[in-house]
Amino acid sequence: MNNVTIEPESEIYKGSFSLKFTPKPEDKYVPKNYDEECICNGLRLLSEGKTDEGLGYLMIAWADEDLWAGELLSYGYTANWFGENDYPKALHILYKMVDRGYPMAMNNLGTMYMEGSGVNRSDRWAKYWFEKAVAHGCTFAMVNLANMLTLGPKKYRDYCRAVELLKMAMAEDDPEAFNMMGLCYHEGRGVPKDDAQAFQYYKLGYEKGAGPVAAYNLGRCYFFGRGVDKNPDMAKILFKEAEEGGFPVREKLIEKP
């Protein structure tokens, strides 16, 4: 989980936070060609704090319009990988990839509209791009759209469809989908309210790397004894991990369990 954090004051909808990912080396991946070798070198260098060198390698691969390189560059320009954020560069790359029908670019455009990063914040346009990405089979967009349908503005809420999207994403082993399904069971949105099921899904999401939000959700189960026996020591460990990842534990813990 150490490469997943929450930016301060990044709550998009009540209970929904923007997750940020730091560069992570692909140590176990065997590059299939020169561009992928450059990408792997770039990720390794970025993870070591060698920003200019890492960016240079990604740019080499993007010069050949490698989609993986484009995805990393566009995300990096919005997540402060290369210094200050550069949203125009990110958007330029994303639209080039959208023109080539790349689903992840559609999802990332949706995220930028949802967060208001480099564009005017718009739930309508966020949903538009998430829908297009889902239609192309993008797992990340399934989770993002389910998040909007569950926690977003009331006019967009559709709990039953959100659950179906999460099931599709869980079939692809997406960590955040398990965490979101826990929330659905916790609050009875699209499924019967069931604390034991919520705990199990939160636990799976946390173990698969869903990040600080999952650590908090699981810690809250142990803290209040929801779906599991109370365990203050375990809750403390999880809350500490969530706080280190940027989650406002103390602020949220005073809310109803």
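## Reading the features

User: Which residue does the side chain of Glu243 meet in a salt bridge?

Analyst: A salt bridge is a side-chain nitrogen of Lys or Arg within 4 Å of a carboxyl oxygen of Asp or Glu. Here Glu243 meets Arg250, with 3.6 Å from N to O. Arg250 is exposed at 69% relative accessibility, while Glu243 is partly exposed at 36%. Buried means under 20% relative accessible area, exposed over 50%, and partly exposed in between, using a 1.4 Å probe and protein chains only.

Before we go on, this is a predicted model: local features need pLDDT of at least 70 and side-chain atom pairs count only at pLDDT 80 or more, while totals for chains, interfaces and linings use all residues. Residues are numbered from 1 along each chain as its sequence is written, and side-chain values use heavy atoms, leaving out hydrogens and water.

User: How many salt bridges does the structure hold?

Analyst: There are 17. Salt bridges that share partners link Arg44, Glu48 and Lys50 in one network. Another pair is Lys240 with Glu244, at 2.5 Å from N to O. These two are four residues apart in helix 12 (residues 232–244), so about one helical turn separates them. Helices are DSSP runs (H or I, at least four residues), numbered from the N terminus. Glu244 is exposed, at 58% relative accessible area.

In helix 8, Lys167 and Glu164 lie three residues apart, again about one turn. Their closest N and O atoms are 3.7 Å apart. Lys167 is partly exposed at 45%, and so is Glu164 at 44%.

User: Now the inside. Which residues touch the most other members of the largest nonpolar core?

Analyst: In soluble globular proteins, nonpolar side chains tend to be buried together. A nonpolar core is a set of buried Ala, Val, Leu, Ile, Met, Phe, Trp, Tyr and Cys residues joined through side-chain atoms within 4.5 Å. The largest one here has 82 residues, and Leu73, Trp81, Phe82, Met181 and Phe247 touch the most other members. Helix 7 (residues 139–151) supplies the largest share, eight residues.

Look at Met181: leaving aside neighbours within four places in sequence, Met181 is in contact (heavy atoms within 4.5 Å) with Val163, Leu166, Lys167, Met170 and Tyr201.

User: Is Ser74 buried or exposed?

Analyst: Ser74, in helix 3, is buried, at 2% relative accessible area. Not counting residues up to four places away in sequence, Ser74 touches Ala90, Ile93, Leu94, Met97 and Asn108. Leu91 is 17 residues from Ser74 in sequence, yet their C-alpha atoms are 7.1 Å apart.

User: How many residues of helix 11 are buried?

Analyst: 11 of its 13 residues are buried, so helix 11 is largely enclosed by the rest of the structure. Among them are Pro212, Tyr216, Arg220 and Tyr222. Helix 11 (residues 212–224) reaches 18 Å from first C-alpha to last, close to the 18 Å expected; the expected span is 1.5 Å times one less than the number of residues.

User: Where is Glu65 placed, and what is its phi?

Analyst: Most residues other than glycine have a negative phi. Glu65 has a positive phi of about 55 degrees although it is not a glycine. Glu65 sits in the loop between helix 2 (51–63) and helix 3 (67–78), and is partly exposed at 32%. Asp173 also has a positive phi, near 65 degrees, in the loop between helix 8 (159–171) and helix 9 (175–187). Asp173 counts as partly exposed, at 42%.
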